[in-house]
Amino acid sequence: MENPYLPIPVKIDRVTVETEDRNQKTFRFVYVNPEDENRFQYKAGQFAELSVTGKGEIPIGIASSPTEKGFVMFTVNKVGLVSSALHDMVEGDVMGIRGPLGNWYPWEVLEGKNVVIIGGGFAFTTLRSSIVMMLDPANRKKFRDIHVVYGARTPGMLLYRDELAAWEARDDIKMHITVDSAAGHPDWKYNTGFVPAITEAKAPKGDPDTYAIVCGPPVMIKFTQPVLDKLGYARDHIIMSLENRMKCGIGMCGRCNIGNDFVCKDGPVFTLEQLNTMPKEY
Ligand SMILES: Cc1cc2nc3c(=O)[nH]c(=O)nc-3n(C[C@H](O)[C@H](O)[C@H](O)COP(=O)(O)OP(=O)(O)OC[C@H]3O[C@@H](n4cnc5c(N)ncnc54)[C@H](O)[C@@H]3O)c2cc1C
Ligand code: FES
């Protein structure tokens, strides 16, 4: 039996500084043993444990799409021990990834439906994976309208800026990019305002064929929920991803549980209806 704690060796192939404060970097990894790509088959919404020798492991959402072959990508916010060590690593360095872990956005349910992606700040990683996957020519016809509301504090704090601009130019996805403030950016041509307000103004009304996937900082989620209520989204049509503290990532250590559910194994993706039945420990 395979040891579930054994990471797959990967090499850093490209590092991209995403934000003007240089705190968010995207790491693109290639597999040291090309056959490991088959062991790391994932779906949009899953995460992996990134393992830095001598420092430890951290759970990070998979930012690349399963439709992107030959590499896997993660965007990491520098906050503490392991994420800082990772930020010091450079192209060519070898480290480990363990996964894919957790469940994923319910693609089986979302096929044939309108999908509204609502994201804030650096929690846009698995949402990028989802958008790239849905826009792939082999998949786009499986979904109806796709709306994206994505916000950050300033234009320089948005992730994946080149891709956002490319998606803006397409007519098969409706982008609603926003910043809290565009002061000092006279050329800013998108929205200004908080994500909940832009959601209220631009998102389609809720109906049985329309689902929202929401990922962002707690304050954004807190104020977006009543907006989705007002727009008529049923609780089981609102999908969220939790970022509880984790250790093993495979339901063994009990570090991440909420009531009887392990966020690492039963989640991190839950509908608002499911979350409402769980203790408020997230
Ligand atoms: C399923 C999942 C997906 C995630 N996806 C991403 C992602 O795509 N990109 C990303 O940058 N981060 C993501 N995170 C958060 C990331 O795991 C933590 O920021 C990371 O573990 C911090 O480790 P550290 O050793 O650098 O910091 P530590 O030294 O452990 O802690 C530094 C500071 O960060 C806080 N912190 C640590 N872990 C968390 C956490 N889980 N939530 C909130 N605060 C925390 C601590 O309280 C402390 O203040 C995700 C977490 C989960 C569970
Ligand atoms: S992180 Fe160990 S049980 Fe979830």
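Guide: Strands here are DSSP runs of E with at least two residues, helices are runs of H or I with at least four, and both are numbered from the N terminus. Before we go on, a word on where this comes from: this is a predicted model, so local features need pLDDT of at least 70, side-chain atom pairs count only at pLDDT 80 or more, and totals for chains, interfaces and linings use all residues. Residues are numbered from 1 along each chain as its sequence is written, chains are lettered from A and ligands numbered from 1 in the order in which they are written, and side-chain values use heavy atoms, with hydrogens and water left out.

Back to His 147: its relative accessible area is 9%, so His 147 is buried (buried means under 20% relative accessible area, exposed over 50%, partly exposed in between, with a 1.4 Å probe and protein chains only). Leaving out residues up to four places away in sequence, His 147 touches Val 115, Val 116, Ile 117, Lys 174, His 176, Lys 202 and Pro 204; contact here means heavy atoms within 4.5 Å.

Pick out His 176 from that list. The side chains of His 147 and His 176 are joined by a polar contact of 3.0 Å. That term covers a pair of N or O atoms within 3.5 Å; within protein, one must be able to donate a hydrogen and the other to accept it, and residues adjacent in sequence count only if both atoms are side-chain atoms. You'll find His 176 in strand E9, residues 174-179, and with a relative accessible area of 10% it is buried. With residues up to four places away in sequence set aside, the neighbours His 176 touches include Val 148, Val 149, Tyr 150, Asn 191 and Ile 198.

Rings of Phe, Tyr and Trp (its six-membered ring) pair if their centres lie within 6.5 Å; planes under 30 degrees apart count as stacked, over 60 as edge-to-face and the rest as tilted. By that rule there are nine aromatic pairs. In one of them, the rings of Phe 124 and Tyr 150 have centres 3.8 Å apart and planes at 10°, so they are stacked. This pair ties together distant parts of the chain: Phe 124 is in the loop between strand E7 (114-120) and helix H4 (125-135), while Tyr 150 is in strand E8 (residues 146-152), 26 residues apart. Phe 124 is buried at 0% relative accessibility, and Tyr 150 is buried with a relative accessible area of 0%.

Now look at Trp 188 and Tyr 190: their ring centres are 5.1 Å apart and the planes are at 90°, so this pair is edge-to-face. Trp 188 is buried at 18%, whereas Tyr 190, at 26%, counts as partly exposed. Ring pairs also link Phe 27, Phe 29 and Phe 74 into a cluster.

Last, step back to the whole chain. It has eight helices and 15 strands, and of its 282 residues 53% count as buried. Residues 24 or more positions apart account for 69% of the contacts with a separation of 6 or more.
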